[in-house]
Amino acid sequence: MTDYDDPELADIAARLREPDATVRRIAVLALADFDGDEPLPLLVAALGDASADVRAEAARALEAFETPDSVAGVARLLADDDEDVRAAAAQSLAQLKVASSAIAVLPYLASGDSFVRAAALRAVRELRAPETAAPALAALDDTDPLVRREAVSVLGWLKHLDALPALTALATGDPHADVRRAAVGALGAATDDAVLPALLAALGDTAWQVREEAAATLGKLRLQGAAAALIAALDDPYWQVRLRAARSLGRLRSADALPALIAALAHTISNLRKEAALALGEIASPLALPALREAANDPDPEVRKSARLALQQTEAAA
């Protein structure tokens, strides 16, 4: 038994040996309030507690730590028999920030359980660890759409250019809208216009979330060949798509978009009027000055602010 100089920590360690699982769970909660790494061995040990409630609490508490032992211990709980424990472990691992932590999670990418595969991919998503690229590429063919979506996200964070052909195929061909949307977003890593046909196709997707992502990605890449399609998207049935299209047209600084953006300054949705004003400020054409001056008196304060900013940009560019 380890001795602790801190009397409070020694008391908690004793409570973790109590037969009552509720006492042990409360002890884990008390450990989570400690500063420093001294409670870490106790929390890692609690991951192996006989009670699912204690294991889940320990997994949640370990969100605040990121050591090889804590990450490996929480990762093992992805395959726990208890659903709540598995969910707590997945949530904790999703907070990982250190690239070297990917090593402890990598074995779970090959699990026979789709929940474990998806959770492991989510855990390494933002780590940008090069060794995650190969298993993520393989997971693009997974039978579970959640796994495919998480794999797409990993490759998007890595900006893995070799994955672009596969991501392009998923962006337009996957049967699940969540996967298509993630793939469209990941195409933002492209360095040329080879992805333009897929993004234009995605702008006509049946799911508005995919169309919204396509409009945003086209603006991010500043693909000039997208202007006509983005102008058409200003009439999309969903305001979210129209908003993204307006923003992207500003990024493209497309003069062809002037009539449509000026018309959008009179739209009933104030957010769209605001985005249209901001886009016109990026384009900075003197042809928009009369409409922007009128928009500077819009009843919505955010629209007025955006219109006045656009006026400054346009007048400065003259």
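This is a predicted model: local features need pLDDT of at least 70, side-chain atom pairs count only at pLDDT 80 or more; totals for chains, interfaces and linings use all residues.
**Stop 1: helix 1**

Select residues 7-15, which form helix 1, and highlight Leu-9, Ile-12 and Ala-13, the buried residues of this helix. Turn the view to look down the axis of helix 1: the buried residues fall within an arc of 100°, so they line one face of the helix.

**Stop 2: helices 4 and 6**

Select helix 4, residues 52-61, together with helix 6, residues 83-93. Their axes come within 8 Å and cross at roughly 5°. Because angles under 35 degrees count as roughly parallel, helix 4 is described as roughly parallel to helix 6. To display the contact, show Ala-52, Arg-55, Ala-56, Ala-59 and Arg-60 on helix 4, and Asp-84, Val-85, Ala-88, Ala-89 and Ser-92 on helix 6. Sorted by class, this contact has six nonpolar, one polar and three charged residues.

**Stop 3: helices 14 and 16**

Move on to helix 14, residues 208-221, and helix 16, residues 239-252. The axes of helix 14 and helix 16 come within 8 Å, with a crossing angle of roughly 10°, which means that helix 14 is roughly parallel to helix 16. From helix 14, the contact is made by Trp-208, Arg-211, Glu-212, Ala-215, Ala-216, Leu-218, Gly-219 and Lys-220. From helix 16, select Gln-240, Val-241, Arg-244, Ala-245, Ser-248, Arg-251 and Leu-252. The classes represented in the contact of helix 14 with helix 16 are seven nonpolar, three polar and five charged residues.

**Stop 4: the aromatic pair**

The ring centres of Trp-208 and Tyr-238 are 5.4 Å apart and the ring planes lie at 15°, so the pair is stacked. Trp-208 belongs to helix 14, whereas Tyr-238 sits in the loop between helix 15 (227-233) and helix 16. The pair thus links distant parts of the chain, 30 residues apart. With a relative accessibility of 38%, Tyr-238 counts as partly exposed.

**Stop 5: Thr-314**

Finally, select Thr-314, which is placed in helix 20 (residues 301-317). Thr-314 is buried, its relative accessible area being 2%. To see what surrounds this residue, leave aside its neighbours within four places in sequence and show Leu-280, Gly-281, Ala-284, Ser-285, Pro-286, Leu-289 and Leu-292, with which Thr-314 is in contact.

Methods: Residues are numbered from 1 along each chain as its sequence is written. Side-chain values use heavy atoms; hydrogens and water are left out. Axes are lines fitted to C-alpha atoms, for helices over the stretch in contact, and angles run from 0 to 180 degrees between N-to-C directions. Helices (H or I, at least four residues) and strands (E, at least two) are DSSP runs, numbered from the N terminus. Angles under 35 degrees count as roughly parallel, over 145 as roughly antiparallel, 65 to 115 as roughly perpendicular and the rest as oblique. Contact means heavy atoms within 4.5 Å. Ala, Val, Leu, Ile, Met, Phe, Trp, Tyr, Cys and Pro count as nonpolar, Asp, Glu, Lys and Arg as charged, and the others, Gly among them, as polar. Rings of Phe, Tyr and Trp (its six-membered ring) pair if their centres lie within 6.5 Å; planes under 30 degrees apart count as stacked, over 60 as edge-to-face and the rest as tilted. Buried means under 20% relative accessible area, exposed over 50%, partly exposed in between (1.4 Å probe, protein chains only). The arc is that of the directions from the helix axis to the C-beta atoms.
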